[in-house]
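Take a look at the fold shown here. Follow it from the overall layout down to single residues.

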Amino acid sequence: MSHPDPYGGAEPRGWDRPAPALPWPETDLEPGPWQRPGPGARPHPADAGAYARPETYARPGADPYPGTTRRHDATRPYDEPRAAGPDRRDEPAPGGRGAWGGDRPDDEYPTAQIAPVRDEPVRDEPAPEPPAGRRARGRRRASAERPPTAVPGASRAGRNLPAAIGVGVALGAAIVVPLFFFLPAFLAVLAAAVAIGIGEMARAVRRSGAHPPLVPLVAGGVLTVGLAWFAGPDALCLGLLVTVLGTMIWRLGDGPGNYQRDLTAATLIAVYVPFLAGFAALLAAAPDDGHLRVLVTLVAVVLSDTGGYAAGVAFGKHPMAPTISPKKSWEGFAGSVTAAAAGSAVLLWLLFDVAPWWGALFGMAISCAAVLGDLAESMIKRDLGVKDMSNLLPGHGGLMDRLDSILFAVPTAYLLLAVFVPVVG
């Protein structure tokens, strides 16, 4: 039975209906007299149920029990404290007013604006893929008990030593076999090496913004080597001149933009690769013993590189040029000179009947030239911001990374052998 409507209504109001018994006893609170809400207040539609939405009063002076949770229903006044139950109804009242239907907006009750938490199944989303060009980070991490895994085959000098040895033997065979069995094939090998070296250099200098034309450089480089082979030193200089002039004319077709920069890079490549490599053609073109001249030069370069590598790994402590090539040391340089001098003294004495001290001088000069060539290319690569000219040769980098020592060594060998072993005829 409901309370009579004091306003004369025939039907009982929703909040005057008796509430069902609560599922738990309340022994600490006693029911008080019924009180009607103040003027202007509207009951919440959910109050027709067992109990209404809880509210925590925080206004000083408005509640004799500050901070307590209150509920109201048909039998309890609005100002009576009551323990909070498990059920909470946060639906806002119609008309844009507060959740209780009064004049206070819902922003005074931040809990009413929080979305309910629902139990949703956890979705196994795939891990994001790493950006292109970057290797994904592994799961295993190094620790004190588990040191980082070393790269297989990597040596102290930063090379894959087995691959470097295999590639070196293959390159040596590609040079020595035609040199002793079919000499014109050596010219083809030399021309191919020049063309590949020009391509690597042209690709590397593009990092600095220069774009030297590749077609006239390759064509002029092959022509330069061929002229040196068939016509001698004068033709070598003529081939360089033709290469530079052809590059200038070819570059005019691309307009005046960056013309000077492109032409400077093209001239550097023409001098560095085909002109210096042309001295190898001059050595091989010598009658009767051209193949031996090339052989003693290559052996001196190989001994210089091998001796410097071994001495540098074993005893290297004092950097030779830290800003250019941090791994080169004075101990390695001493090993290069010693190995090249000893090997050249024996080899020139056996092949050309040259006194051992002249052979040792030849070896020392070749070693110095090879080290300077290596440093020159290291300086170019450091200026361009590249580690290797390419990745053509495993364990070595690019072909230019193997030709750097030889390109500076062959002009030195051509000059010294012209003095120690004059060409007959």
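This is a predicted model: local features need pLDDT of at least 70, side-chain atom pairs count only at pLDDT 80 or more; totals for chains, interfaces and linings use all residues.

Residues are numbered from 1 along each chain as its sequence is written, and side-chain values use heavy atoms, with hydrogens and water left out.

Start with the layout. The protein has nine helices and four strands. Here helices (H or I, at least four residues) and strands (E, at least two) are DSSP runs, numbered from the N terminus. Along the sequence the order is β-β-α-α-α-α-α-α-β-β-α-α-α. Of the 425 residues in the protein, 39% are buried. Buried means under 20% relative accessible area, exposed means over 50%, and partly exposed lies in between (1.4 Å probe, protein chains only). A contact means heavy atoms within 4.5 Å. Among contacts in the protein with a separation of 6 or more, 64% join residues 24 or more positions apart.

Now turn to the helix pairs. Two packed helices are described by the angle between their axes and the distance between the axes. The axes are lines fitted to C-alpha atoms, for helices over the stretch in contact, and angles run from 0 to 180 degrees between N-to-C directions. Angles under 35 degrees count as roughly parallel, over 145 as roughly antiparallel, 65 to 115 as roughly perpendicular and the rest as oblique. A crossing is left-handed if the near helix is turned anticlockwise from the far one by less than a right angle, and right-handed if clockwise.

Helix 3 (residues 214–231) meets helix 5. Their axes come within 8 Å and cross at roughly 25 degrees. Helix 3 is therefore roughly parallel to helix 5. The crossing is right-handed. Helix 3 contributes residues including Leu 217, Gly 221 and Trp 229, and helix 5 contributes residues including Ile 269, Pro 274 and Phe 275. By class, this contact has 12 nonpolar, three polar and no charged residues. Ala, Val, Leu, Ile, Met, Phe, Trp, Tyr, Cys and Pro count as nonpolar, Asp, Glu, Lys and Arg as charged, and the others, Gly among them, as polar.

Helix 5 also meets helix 9 (residues 400–420). Their axes come within 8 Å and cross at roughly 50 degrees. That angle makes helix 5 oblique to helix 9. This crossing is left-handed. The contact of helix 5 with helix 9 has 16 nonpolar, no polar and one charged residues.

The next pair is helix 7 (residues 330–351) and helix 8 (residues 356–384). They pack at an angle of about 140 degrees, with their axes 7 Å apart. Helix 7 is thus oblique to helix 8. Their crossing is right-handed. Phe 333, Ser 336 and Trp 349 are among the residues of helix 7 in the contact, and Gly 359, Met 364 and Cys 368 are among those of helix 8. The contact has 13 nonpolar, five polar and no charged residues.

Some single residues deserve a visit. Gly 308 sits in helix 6 (residues 290–315). At 15% relative accessibility, Gly 308 is buried. It touches Gly 332, Gly 335 and Ser 336, not counting residues up to four places away in sequence. Its C-alpha atom is 7.7 Å from that of Glu 331, 23 residues apart along the chain. Leu 245 belongs to helix 4. Leu 245 is partly exposed at 43% relative accessibility. Leu 245 and Gly 220 are 25 residues apart in sequence and 9.5 Å apart in space, C-alpha to C-alpha.

Two loop residues come next. Most residues other than glycine have a negative phi. Asn 258, not a glycine, has a positive phi of about 55 degrees. Asn 258 lies in the loop between helix 4 (233–251) and helix 5 (259–284). Asp 288 has a positive phi of about 75 degrees, and it is not a glycine either. Asp 288 is in the loop between helix 5 and helix 6. Asn 258 is partly exposed at 43%, while Asp 288 is exposed at 72%.

The structure holds zero disulfides (pairs of cysteine sulfur atoms within 2.5 Å). Cys 237 is partly exposed at 46%, and Cys 368 is partly exposed at 33%.
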